[in-house]
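Dear colleague,

Please find the structure below, with its sequence.

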Amino acid sequence: MRTILHSDANSFYASCEIARRPEIKNKPVSVGGSEEMRHGIILASNTEAKSYGVKTAMPLWQARKLCPNLTILPPDFKHYISVSRKLREMYDGLSPVVENFGLDECWIDLSSRDTTLKTGKEAALYLRERAKKELGITLSVGVSYNKVFAKLASDYKKPDATTLISEDNYKSIVWPLPASYMIFIGNKTRQKLNKYGIRTIGDVAKTPPECLKNWFGKLGYMHHANANGLDRSPVMKTGHEADVKSIGNSTTTPRDMRDLEDVRCVFTILAQSVSTRVREAYLKGKCVSISVRDTNLNISGAQKTLPRYTALCRDIIDSAMELFISKGFEKHLPLRSIGVKISSLVPYDAPEQLSMFSPVDTKIEALESAVFNIRKRYGIHAVQLGNILLKDDFLSINPKEEHTVHTLPFFNG
DNA sequence: TCTGGGGTCCTAGGACCC
DNA sequence: TCTGGGGTCCTAGGACCC
């Protein structure tokens, strides 16, 4: 029998801010970005805010309208990452098997310490007290015998709580909950389940797996197993985080993009960030994808596989523009947001078959390598491609610093 | 002003090869 | 020459997570 904890830091960004600025403690606080970025908000003090009708994840402008004395703070990801690291150190002290899930959640496998769920509960209390005392933040911790129920348990009661789900009590705790409380059952799956009269996790558990398979493909089997407490997926060991599969950036621009010039400029900004991050991760990739969102918020995308692996900014820009034009995306103009990413990643020094039709351009390689080193020392704005400088209304976009949240927060130096 | 941005995985259809 | 099966790669799109 395994003993697995899932720890969830409550209102993580807001709690981090309040911990270092006690003066905002009793005010409705929003953290999450400048208005131009149109970030969602996270509220730290729900009681007062609620009296204004403010809800979590409400757009900033709406919340401000309802609650004029809302305190709005710009995000400080460097700070959140450092708090997240300290949390991680606490977890690491309990077990060698810890898997982080974003900045504010972790699974901890205590099985190797010959523990029971009861000692798991004691460990949860220990973590909560330390987090409160040392970092000023509260945790909700779930204790169970598999990852799915441990996560469910950490959501069950918050903030600052421990919930235990065992083989004896899961039917009374888990089964009455709405199906969408379970991980991997999002909005679309919930709607489809409801259509068939399936509303609770217990309903999912009692549905024949073949039915679920017909409706949801192989995920159907997974939902069935999860609902019955049969999840056997392992907690990934420290330092064994899954390899990165893709690296990309996208942005909503300060004004709509009107023509090809605008699009090229923004792709250039994004590609500079993407190629820098690919180099930082010591990778190269072979598949370039773009996505565009028009003024009706319709999204479409396209991708192409390159003749060889690359980390070059120039290759990414050229591929993005080639895709954009060849797939007829010009007709979607004006555009509100675009993105570019690279996937099919391999280590930078992985050997590859060289093609005589697409030889490596050693001059560009040397140039971009030099630019990379300059930026590493002086920041991404130290060197810029000329076409960006002509468009000063896009100059403020800095995808690398502002939109890179989940990039290897623990192993990136 | 009307859901930001970064990711993962799955599926289905088509092309191509043996 | 035709037909079919199996495998792999590529692409577009959808669903999910934080």
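Axes here are lines fitted to C-alpha atoms, for helices over the stretch in contact, and angles run from 0 to 180 degrees between N-to-C directions. Helices (H or I, at least four residues) and strands (E, at least two) are DSSP runs, numbered from the N terminus. This is a predicted model, in which local features need pLDDT of at least 70 and side-chain atom pairs count only at pLDDT 80 or more, while totals for chains, interfaces and linings use all residues. Residues are numbered from 1 along each chain as its sequence is written, chains are lettered from A and ligands numbered from 1 in the order in which they are written, and side-chain values use heavy atoms, with hydrogens and water left out.

Chain A has 16 helices and 13 strands. Of its 413 residues, 47% are buried (under 20% relative accessible area, with a 1.4 Å probe and protein chains only).

Helix α12 (residues 260-280) packs against helix α13 (residues 313-326) at an angle of about 140 degrees, and their axes are 9 Å apart. The two are therefore oblique to each other (angles under 35 degrees count as roughly parallel, over 145 as roughly antiparallel, 65 to 115 as roughly perpendicular and the rest as oblique). In this contact (heavy atoms within 4.5 Å), the residues of α12 include Val 263, Phe 267 and Ala 271, and those of α13 include Ile 316, Ala 320 and Phe 324. The residues of the contact of α12 with α13 comprise twelve nonpolar, three polar and one charged (Ala, Val, Leu, Ile, Met, Phe, Trp, Tyr, Cys and Pro count as nonpolar, Asp, Glu, Lys and Arg as charged, and the others, Gly among them, as polar).

Helix α12 also packs against helix α14 (residues 362-378), at about 85 degrees and with the axes 11 Å apart. That makes α12 roughly perpendicular to α14. The residues of this contact divide into one nonpolar, four polar and five charged; among them are Arg 279 in α12 and Glu 365 in α14.

With kind regards

Note on methods: Buried means under 20% relative accessible area, exposed over 50%, partly exposed in between (1.4 Å probe, protein chains only).
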